[in-house]
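User: I'd like a close look at one part of this model, please. Could you walk me through it in one connected answer?

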Amino acid sequence: MDELIYYGQKMVEEGLSFATGGNLSRRLDGETYKITPSGQAYASLKDQDLVTMNLEGKILQGEKPSTEYHFHQGIYRAYPEAKAVVHTHSEYINILSILDKPLACIHYLMAEAGPDPIEVAPYASFGTEDLARNALGAFGRNKAVILSHHGLVTFGSSVKEAFSQARTLEFCAKIYIKALSIGNPSSLSIEEMEKMVDRFKSYGK
Ligand SMILES: [Zn+2]
């Protein structure tokens, strides 16, 4: 089974998306990537349902790519180090997204995604080039961005890493929102977050 399908199923099982929501892709080389198809349940996906595309939006193999291929393609073009992209519609991230409230750096684990608060990219309709442009404009130094009234996008050096970020950020959004309901959570300093990003780079290597 392709790891896009494995992690797609995991995404639904772990409640990070539901039904056919969200999508995943992985880079094949400098010019091409493989992406999950549009509107198909992850549970019944087969390797041959995945779509291979180039960075100009041309379909090389398969039929109907995810409607969000624009931001996948945009990320691969803008970040040569991006080897995979994961997009989820998770619950607590979406609570922040409808408040247009960035996820503050309230836990060291957020260093998986970068040193700065996770920004909310301005709203644009799903599947549009405008949405891709807005998302790309909001990553900053991070590898994750919240899409207003929509969800989360992460990229990483592997599908596993991009998926892990989506899971970690959903956990952090949950504790942030719960903390906000009873008080004023404090943030870690940017200096501390930068240190954690460096620590994560060498962690496990
Ligand atoms: Zn979406």
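How exposed is H149, and how many other C-beta atoms lie within 10 Å of it? Please set the residue in its surroundings too.

Analyst: Happy to! Keep in mind that this is a predicted model. H149 is partly exposed, because 13 other C-beta atoms lie within 10 Å; the exposed class ends at 12 or fewer, and the buried class begins at 20 or more.

The backbone at H149 deserves a look as well. Its phi is near 55°, a positive value although the residue is not glycine. Most residues other than glycine have a negative phi. H149 sits in the loop that lies between β7 (144-147) and β8 (151-156).

β7 and β8 are part of an open sheet of eight strands with mixed pairing, in the order β4-β3-β2-β1-β5-β8-β7-β6. The edge strands, each pairing on one side only, are β4 (59-61) and β6 (120-121). In the sheet order, β7 therefore stands between β8 and β6, and β8 between β5 and β7.

On the β5 side, β8 has an antiparallel partner: strand β5 (residues 84-88) pairs with β8 over five bridges. Within that pairing, V86 is placed opposite T154 of β8. A helix also covers this end of the sheet: α4 (residues 129-136) lies across β6, β7 and β8, and runs at about 135° to β7.

To complete the picture, follow the sheet the other way. Strand β1 (residues 23-27) runs antiparallel to strand β2 (residues 32-35), with three bridges between the two. A hairpin of four residues connects β1 to β2, and R26 stands opposite K34 in β2. β2 also pairs with strand β3 (residues 51-54), in the antiparallel sense and over four bridges. There, Y33 has M53 of β3 as its bridge partner.

Back at your residue, then: H149 is a partly exposed residue with a positive phi, in the loop between β7 and β8.

Notes. Residues are numbered from 1 along each chain as its sequence is written. This is a predicted model: local features need pLDDT of at least 70, side-chain atom pairs count only at pLDDT 80 or more; totals for chains, interfaces and linings use all residues. Two residues are in contact if their C-beta atoms, placed from the backbone, lie within 7 Å. Axes are lines fitted to C-alpha atoms, for helices over the stretch in contact, and angles run from 0 to 180 degrees between N-to-C directions.
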